[in-house]
Amino acid sequence: MIDITKLTKYIDANFVDEESTEEKGANLFSLNSNPLVDFARAITGKKSFGPKSCGISPLSHPGFKNIEKKLKTPSYEDFISRLMYYINEKNMTHPQVYNAAGMTPDCFSKIISGKTKTPKKESIVALALALKLNYDEATDLLSSAGQTLCGFKQDVIFEFCFKTGPYSIDEVNEALVHFHFEPIGGRQ
């Protein structure tokens, strides 16, 4: 059973919305900061990017030319491989996984066969819960599908559950409903 009091405190400490950023004096993005420019600086190590420094758009700056080659875009095959890895690692059968995730056999089959697009974040979280993954494993599975847990309240709830669990999908759904979110995994 998830301790709602501890979860509430965790949410208060980790969830940041627009109103609370002003109250706490925290800024997620500086007004003088451009995420694309910051990213280019991090990748290339160069300090001079942006319209102020070179008179052109950061996107047309020569430093952006080969940035795509330095990035590895997650593919659906990567996600399936990671999912299958964790299923084998946890020594679970496919029925054990899709039942624990609250999925139908048909839905699960489409996911692992690649007949469907990359699942929604909530479906991936349901699979991670079914596999009893810890936080690092869950974020690994999510990232293999190009997803991440960010500062949204629902994501903070998931983060808490992965860090303090394992919890069943039913337990996580009770917490989600408590905070006015829809249950995940097809269970109501």
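Figure 1. Just after α9, Lys132 takes a positive phi of about 55 degrees. The model shown here and in the other views is predicted. Lys132 sits in the loop that links α9 (121-130) to α10 (135-144). Lys132 is a residue other than glycine, and its phi is positive. Most residues other than glycine have a negative phi. Is Lys132 buried or exposed? With a relative accessible area of 56%, Lys132 is exposed, because the cut-off for that class is over 50%.

**Figure 2. Helix α9 and its buried residues.** How many of the 10 residues of α9 are buried? The count is 8, so α9 is largely enclosed by the rest of the structure. The buried residues of α9 include Lys121, Ile124, Val125 and Ala126. Leu127, Ala128, Leu129 and Ala130 in α9 are buried too. For the protein chain of 188 residues, 35% count as buried.

**Figure 3. The loop between α8 and α9.** Pro119 lies in the loop between α8 (105-113) and α9. Thr118 is placed in the loop between α8 and α9 as well. Pro119 has a relative accessibility of 8% and counts as buried. Thr118, with a relative accessible area of 33%, is partly exposed. Each of these residues can be paired with one from another part of the sequence. Pro119 and Ala145 are 26 residues apart in sequence, and their C-alpha atoms are 8.1 Å apart in space. For Thr118 and Ile80, the separation is 38 residues in sequence and 9.1 Å in space, C-alpha to C-alpha.

**Figure 4. Helix α1 against helix α11.** Helix α1 covers residues 4-14, and its axis comes within 10 Å of the axis of α11. The two axes cross at roughly 125 degrees. That angle makes α1 oblique to α11. The crossing of α1 past α11 is right-handed. Which residues make the contact? From α1 come Lys6, Leu7, Tyr10, Ile11 and Asn14. From α11 come Lys153, Val156, Ile157, Glu159, Phe160 and Lys163. Sorted by class, the contact of α1 with α11 has 6 nonpolar, 1 polar and 4 charged residues.

**Figure 5. Glu159 in helix α11.** Glu159 belongs to helix α11. Is Glu159 buried or exposed? Glu159 has a relative accessible area of 12% and is buried, because buried means under 20%. Leaving out residues up to four places away in sequence, Glu159 touches Tyr10, Tyr135 and Leu149. Tyr10 is one of the α1 residues in the contact with α11.

**Figure 6. Helix α11 against helix α12.** Helix α11 (residues 153-164) packs with helix α12 (residues 169-178) at an angle of about 145 degrees. The axes of α11 and α12 are 11 Å apart. As in the view of α1 and α11, the crossing of α11 past α12 is right-handed. In α11, the residues that meet α12 are Gln154, Ile157, Phe158 and Cys161. Their partners in α12 are Val172, Ala175 and Leu176. The contact of α11 with α12 divides into 6 nonpolar residues, 1 polar and no charged. Ile157 takes part in the contact with α12 and also in the contact with α1.

Figure 7. The peptide bond that runs from Gly165 to Pro166 is cis. Its omega is near 20 degrees. Most peptide bonds are trans. Where is Pro166? Pro166 lies in the loop between α11 and α12.

**Figure 8. His180 after the end of α12.** His180 is placed in the segment after α12. The phi of His180 is near 70 degrees, which is a positive value in a residue other than glycine. The relative accessible area of His180 is 74%, and His180 is exposed.

**Figure 9. The whole protein chain, for orientation.** How many helices and strands are there in the protein chain? There are 12 helices and 0 strands. Among contacts between residues at least 6 apart in sequence, 64% join residues at least 24 apart. The protein chain exposes about 11600 Å², and carbon and sulfur atoms supply 52% of this area.

Conventions: Residues are numbered from 1 along each chain as its sequence is written. This is a predicted model: local features need pLDDT of at least 70, side-chain atom pairs count only at pLDDT 80 or more; totals for chains, interfaces and linings use all residues. Side-chain values use heavy atoms; hydrogens and water are left out. Axes are lines fitted to C-alpha atoms, for helices over the stretch in contact, and angles run from 0 to 180 degrees between N-to-C directions. Helices (H or I, at least four residues) and strands (E, at least two) are DSSP runs, numbered from the N terminus. A crossing is left-handed if the near helix is turned anticlockwise from the far one by less than a right angle, and right-handed if clockwise. Contact means heavy atoms within 4.5 Å. Ala, Val, Leu, Ile, Met, Phe, Trp, Tyr, Cys and Pro count as nonpolar, Asp, Glu, Lys and Arg as charged, and the others, Gly among them, as polar. Buried means under 20% relative accessible area, exposed over 50%, partly exposed in between (1.4 Å probe, protein chains only). Accessible areas come from the Shrake-Rupley method with a 1.4 Å probe; for residues, only the protein chains shown count as cover. Angles under 35 degrees count as roughly parallel, over 145 as roughly antiparallel, 65 to 115 as roughly perpendicular and the rest as oblique.
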